[in-house]
Amino acid sequence: MEKRRELWIDAAKGFSIIFVVMGHSGDAAANHYLSWFRMPLFFQLSGLVFKPVDPGRYLGWAARRTKGLMTPYFAYGLLIAVVLLLFSFNIRGFAENMARLLYGGLSLTGPYGVFWFITCLLFTQLLFGYIVRYSRRIQLLLLTSAYLVSHLISLTALKNFNLPWNIDVALLAVTYYAIGFYGKQAIPALISRYSALLVLLPLSALVLLLERTGIIHYSLNMKYKEYESLLLDLAVPLLISLTICAAVYQLARLIPLGWMGSLGRNTITIMYLHLPLNYSLKYLLGADYGLVPFTLIGVIVPLLAAKWAVRYPVLSRFYLGKAGGVPPAKRTGKAASVSSNG
């Protein structure tokens, strides 16, 4: 059971990163619908593998978490800035890119567009790691307050404030993270039942139909703080995330999903590189090339880069957040993932 559980989690991460790449392809419809759940699913899966931190060890744990996530953040950020400098010889542009990287949040656009997620994930983990020291009643009170405040921000002028590193978005993300953590037993028990998929799938299809026919209007964009429905922002991402997890779990029973698990364990490189790679190719070709080529390039090329980088300790440490240098045959299931607890 444990091996199967780990496989479906990694495979679900694999599907999640594919959805992220698809959403950035420029296809408006894909981005609209995938944005309903792609980031909430990442946070939920991350919370699912979270292990509570002893209050006396919190500071050390927080320092390791920060180092583990922010080392690749700055390594990839500097790499992209240097490549842009070599092509443009624009020193001022290089300095501006580094300043944007340091500030983060809504300042991160273009090839840096997805970097916001890493800092938001970090603050979400640090926040939840601190919250779990309290009783369950206090935890739920704090999480409810964070969820309500996040919507207060989204529905008022506070939405326009560009706080460093998207720290305010963590107020919403921690809810999805907590769902994964509190569902550590219930979620696997639910999705392991084939009957659950038979219920979840039609419900997800119903939500899609209701939105397509205009009966409900729904959108979710965590980076830009577009979450305006207290009920739907909880129900829709949770429903679709559970549907995907159930589908992946059942698929793992029928076909080998080791390749998708490998993809899920290398999400960090795909997350950072899919935009700059595709932007570079679009610039060289002088044209957009659509959803499918964008997704294939954005997933396969970074995955190959991760497989190569893990062989070298220095590259692995900076770009994968791991020591590296271990032969591939001996590191099954241990590659870096942006959704890991670490």
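Predicted model: local features only at pLDDT ≥ 70, side-chain atom pairs only at ≥ 80, totals over all residues.
Reader: Which helix holds both D10 and K13?

Author: The two residues are three places apart, about one turn of a helix. D10 is buried and K13 is buried too. The helix that carries both, spanning residues 2-23, is α1.

Reader: Which residues are linked with D10 in a network of salt bridges?

Author: R265 is buried, as is D10. The partners of D10 in the network are K13 and R265.

Reader: How many residues apart in sequence are the parts tied together by D168 and K225?

Author: D168 and K225 form a salt bridge whose closest N and O atoms are 3.0 Å apart, and both residues are buried. D168 belongs to the loop between α7 and α8 and K225 to the loop between α10 and α11, so the separation they bridge, in residues, is 57.

Reader: In that loop between α7 and α8, is N166 buried or exposed?

Author: N166 is found in the loop between α7 and α8 and has a positive phi of about 55° although it is not a glycine. W165 lies in that loop as well, with phi near 60°. The cut-off for burial is under 20% relative accessible area. N166 has 2% relative accessibility, so it counts as buried.

Reader: What is the nearest side chain of opposite charge to D233?

Author: D233 lies in helix α11, residues 232-254. This aspartate is buried and has no salt bridge. A salt bridge would need a Lys or Arg nitrogen within 4 Å. The nearest side chain of opposite charge is 11 Å away, and it belongs to K159.

Reader: Which residue's side chain has a polar contact of 2.8 Å with D233?

Author: Residues touching D233 include Y147, H151, Y176 and E228. The backbone nitrogen of E228 is 3.2 Å from a polar atom of the D233 side chain. The side-chain partner at 2.8 Å is H151.

Reader: Which element gives the largest share of the largest nonpolar core?

Author: The largest nonpolar core has 96 residues, and W8, F43, Y73, F115, F117, F128 and M222 have the most contacts inside it. The largest share amounts to 10 residues and comes from α11.

Reader: For the annotated spans, what percentage of residues 291-310 is helix?

Author: An unreviewed UniProt entry gives a "transmembrane region" annotation to several spans, among them 139-157 and 291-310. Residues 139-157 are 84% helix, with end C-alpha atoms 28 Å apart. Residues 291-310 have end C-alpha atoms 29 Å apart and 0% strand, and their helix content is 95%.

Reader: How far apart are the end C-alpha atoms of residues 7-305?

Author: The unreviewed UniProt entry places the feature "domain: Acyltransferase" at residues 7-305. That span is 72% helix and 0% strand, and its end C-alpha atoms are separated by 22 Å.

Note on methods: Residues numbered from 1 in each chain as written. Heavy atoms only, no water. Helix = DSSP H or I, 4+ residues; strand = E, 2+ residues; numbered from the N terminus. Buried < 20%, exposed > 50% of the residue type's maximum accessible area, 1.4 Å probe, protein only. Lys, Arg positive; Asp, Glu negative; His and termini not counted. Polar contact = N/O pair within 3.5 Å; in protein donor to acceptor, adjacent residues only side chain to side chain. Contact = heavy atoms within 4.5 Å. Core = buried A, V, L, I, M, F, W, Y, C linked by side-chain atoms within 4.5 Å. UniProt positions renumbered as here; feature names shortened; annotations may be inferred. Lists of a residue's contacts leave out its neighbours within four places in sequence.
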